[in-house]
Amino acid sequence: MYKRLLLTAAVLFALICASSAECKEFKAKVIGITDGDTIKVLKDGVQYKIRLRGIDCPEKSQPFGKQAKLFTSELVFNKDVSVIESGQDRYGRTVADIILADHTSLSQDLVRAGYAWWYRQYAPKDRNLAYAEVDAKLDGIGIWSSRYTQAPWEYRHQRTVGKSKQHNDFSQISQLNLGHLTQ
């Protein structure tokens, strides 16, 4: 009886592990490109917003932002890809590696072409992305062709601080004006 119970538990454990492994990797069709590092895929009638793992492309309003989106679109739009999930980001997007039909990584292709930074904060041990970035820097292509490139995380931070400062300035002006009217 004990052996049968142990065997049943082992089989159930194996089934649970197998089903969770299936959830981590799946095939899907790319149906949309939000920007260089964010795409939409369709699997079994369900849309998933995918944020590419380990990279950060320039924002659309930054130099090379539009080129990064176009590059991503040329590689994956309307194509079947493998999605290897690694979690979710704070916006609820699935963070994943996208593997193309030729078995290359979309993230690595973007970095190697000079359209993305290796996002060390989120993929500190990814040697493939590190080497791809070194290659792009040495070749001086894309974002590495200019001395004045700004990493997207710095650009976003600067915009956030700027908006916050503008909001505070406006609040102070409004308070001054209201104070003047009440006197």
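I began with burial: of the 183 residues of the chain, 35% count as buried. The model is a predicted one, and I read every entry below with that in mind. I then looked up the surface. The accessible area of the chain comes to about 12300 Å². Carbon and sulfur atoms hold 57% of that area.

**Layout**

I listed the secondary structure next. The chain has five helices and seven strands. Along the sequence I read the order as α-β-β-β-β-α-β-β-α-β-α-α. I also checked the range of the contacts. Among contacts with a separation of 6 or more, 58% are between residues 24 or more positions apart.

**Core**

Which residues have the most contacts inside the largest nonpolar core? I found Ile39, Ile55, Val76, Val83, Ile98 and Leu110. That core has 32 residues. Strand S1 (residues 25–35) gives the largest share of this core, four residues.

I followed up on Ile55. I set aside its neighbours within four places in sequence. Ile55 is then in contact with Asp37, Ser107, Leu110, Val111, Ala116, Trp117, Tyr119 and Leu129. Leu110 on that list is also among the core residues with the most contacts. Trp117 and Tyr119 come back under the rings, where both belong to a cluster.

**Strand pairing**

I traced S1 to its partner. S1 and strand S5 (residues 80–88) run antiparallel and are joined by five bridges. One position I noted by name: Lys27 has Ser82 in S5 as its bridge partner.

S5 also pairs with S6, again in the antiparallel sense, over six bridges. The two strands form a hairpin with five residues between them. In the turn, Gly92 has a positive phi of about 85 degrees.

I stopped at Thr94, which is found in strand S6 (residues 94–99). Gln88 stands opposite Thr94.

**Rings**

How many aromatic pairs does a search of the whole structure find? I got seven. I wrote out the pair of Trp117 and Trp144: the centres are 5.8 Å apart, with 65 degrees between the planes. The pair is edge-to-face. Why does this pair tie together separate parts of the chain? Trp117 lies in strand S7 (residues 117–118), and Trp144 lies in the loop between helix H4 (127–139) and helix H5 (152–182), so the linked parts are 27 residues apart in sequence. Trp117 is buried, at 7% relative accessibility.

Tyr119 is buried, with a relative accessible area of 10%. Tyr122 counts as exposed, at 53% relative accessibility.

I then joined the pairs up. Trp117, Tyr119, Tyr122, Trp144 and Trp153 are linked by ring pairs into a cluster.

**Charges over rings**

I looked for lysines over rings. The charged end of Lys137 sits over the ring of Trp144, 4.8 Å from its centre. In another entry, the charged end of Lys43 sits over the ring of Phe26, 5.3 Å from its centre.

Last, I looked up positive phi values outside glycine. Asp44 is one entry, with phi near 50 degrees. At 71% relative accessibility, I put Asp44 down as exposed.

Asn78 is another entry. It is not a glycine, yet its phi is positive at about 65 degrees. Asn78 is found in the loop between helix H2 (65–76) and S5. Is Asn78 buried, partly exposed or exposed? Its relative accessible area is 47%, so Asn78 went down as partly exposed.

Terms used:
Residues are numbered from 1 along each chain as its sequence is written. This is a predicted model: local features need pLDDT of at least 70, side-chain atom pairs count only at pLDDT 80 or more; totals for chains, interfaces and linings use all residues. Side-chain values use heavy atoms; hydrogens and water are left out. Rings of Phe, Tyr and Trp (its six-membered ring) pair if their centres lie within 6.5 Å; planes under 30 degrees apart count as stacked, over 60 as edge-to-face and the rest as tilted. Buried means under 20% relative accessible area, exposed over 50%, partly exposed in between (1.4 Å probe, protein chains only). A charge sits over a ring if NZ of Lys or CZ of Arg is within 6 Å of the ring centre and within 35 degrees of the ring normal. Contact means heavy atoms within 4.5 Å. Accessible areas come from the Shrake-Rupley method with a 1.4 Å probe; for residues, only the protein chains shown count as cover. A nonpolar core is a set of buried Ala, Val, Leu, Ile, Met, Phe, Trp, Tyr and Cys residues joined through side-chain atoms within 4.5 Å. Two strands pair if DSSP finds at least two bridges between them.
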